[in-house]
Amino acid sequence: MKSNPTQFIQRNRGFTLVEMLVVIAIIAILVSITVPFVARAMVKSKVATARTDMINLKGAIVSYQNDYSRFPSARGVAPNLKGGDLTFHLPIGRKHADGSPQDAGNWPNPPLTPDNNVVMAILMAIDNGANKNHGRNPKKTTYLTPNSADDAFSAGVGPNGVFRDPFGNPYVISVDLAGDGNVADLFYRETGVSKGASIGLVRNVDNKTEEEYVLRGSVMIWSPGPDRQVNSKAGALAKENTDNILGWR
Ligand SMILES: [Ca+2]
Ligand SMILES: [Ca+2]
């Protein structure tokens with residue numbers, strides 16, 4: 001059977017310029033819808049990873065405490081909270097590896113806190129720093145095996161032993177060094193941060209001299225979240241603190 005020459009020409013004429021433009025426009029619209037969705041999903045996934053890290057890290061600290069009847073800290077370390085508790089790696093007064101400040105509130109005379117690599121060396125049974133000669137973990141028990149990172153920006157334990165979340169924030173850790181069943185964190189204890197904010201903290205009624213907010217428990221772990229910043233002059237649920245990732249919530 002012979003084919004009709006007119007039909008043949010019509011079937012193979014290709015796309016017109018207008019048809020091509022319509023297709024391109026549709027693809028552009030689909031991409032513009034999809035990209036923010038994918039970006040949000042990626043942030044959500046990183047937050048979930050940070051939460052898992054915090055659960056594992058807290059579990060490791062509690063296991064260490066059960067074995068050694070102390071928290072993983074340097075020998076004879078002084079508490080950096082008046083109530084006797086200890087915070088590691090407070091972002092206040094610190095900068096990220098790229099030089100960007102971690103506190104948008106610019107707290108004057110920020111308190112000094114040890115890096116979280118003290119805790120990590122002990123929990124990972126690494127012969128270094130506070131755990132030199134395995135002094136703080138003589139049984140050499142490995143309590144935690146996090147991923148390692150090649151730089152000071154990526155998720156995992158970096159070259160200097162600091163444990164960071166998927167946004168590049170070092171995990172902030174506070175422990176109930178005083179052993180009174182409440183743990184205070186140098187940032188979240190602050191009235192200006194936690195008063196009136198529903199973030200699972202309670203006023204410490206044992207502190208008669210000043211108002212402070214604490215967690216009932218022994219360990220607090222948190223991170224500044226996707227924006228990689230905190231604001232020491234804002235409430236816990238405001239400004240740069242809104243996206244902070246709180247391991248106890
Ligand atoms: Ca305490
Ligand atoms: Ca934040």
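Two strands pair if DSSP finds at least two bridges between them. In this predicted model, strand 8 and strand 9 are joined by two bridges and run antiparallel. Helices (H or I, at least four residues) and strands (E, at least two) are DSSP runs, numbered from the N terminus. The protein chain holds four helices and nine strands.

Local features in this predicted model need pLDDT of at least 70, side-chain atom pairs count only at pLDDT 80 or more, and totals for chains, interfaces and linings use all residues. Residues are numbered from 1 along each chain as its sequence is written, while chains are lettered from A and ligands numbered from 1 in the order in which they are written.

**Overall form**

- Along the sequence, the elements of the protein chain follow the pattern α-α-β-α-β-β-β-β-α-β-β-β-β.
- The radius of gyration of the protein chain is 26 Å, whereas a compact globule of 249 residues would have one near 18 Å; the radius is taken over C-alpha atoms, and the globule rule is 2.2 Å times the number of residues to the power 0.38.
- The C-alpha trace spans about 95 × 45 × 30 Å along the principal axes of the protein chain.
- Buried residues make up 37% of the 249 in the protein chain; a residue is buried if 20 or more other C-beta atoms lie within 10 Å of its own, exposed if 12 or fewer, and partly exposed in between, with C-beta atoms placed from the backbone.
- Of the contacts between residues at least 6 apart in sequence, 60% join residues at least 24 apart; two residues are in contact if their C-beta atoms, placed from the backbone, lie within 7 Å.

- An open sheet is formed by four strands in the order 1-4-8-9, with antiparallel pairing.
- Strand 1 and strand 9 are the edge strands; each has a single partner strand, so one side of each has no neighbour in the sheet.
- Tryptophan 222 has leucine 246, in strand 9, as its bridge partner.
- Helix 2 (residues 17-68) packs on the sheet and touches strand 4 (172-175), strand 8 and strand 9.
- The direction of helix 2 makes about 155° with that of strand 8, where axes are lines fitted to C-alpha atoms, for helices over the stretch in contact, and angles run from 0 to 180 degrees between N-to-C directions.

**Nonpolar core**

- The largest nonpolar core has 48 residues, of which Leu123, Val175 and Ile221 touch the most other members; such a core is a set of buried Ala, Val, Leu, Ile, Met, Phe, Trp, Tyr and Cys residues joined through C-beta atoms within 7 Å.
- Elements giving two or more residues to this core include helix 2, helix 3, strand 7 (213-216) and strand 8.
- Leucine 123 touches Ala60, Tyr64, Pro72, Tyr143 and Leu144, leaving aside residues up to four places away in sequence.

**Loop residues**

- Most residues other than glycine have a negative phi.
- Histidine 89, in the loop between strand 1 (86-88) and helix 3, is not a glycine but has a positive phi of about 60°.
- Histidine 89 counts as buried because it has 23 C-beta neighbours inside 10 Å.
- Lysine 239, in the loop between strand 8 (219-223) and strand 9 (245-246), has a positive phi of about 45°, although it is not a glycine.
- Lysine 239 counts as partly exposed, with 15 C-beta neighbours inside 10 Å.
- Threonine 141 lies in the loop between helix 3 (117-123) and strand 2 (156-157) and is partly exposed, with 16 other C-beta atoms within 10 Å.
- Asp67 and Ala125 are touched by threonine 141, not counting residues up to four places away in sequence.
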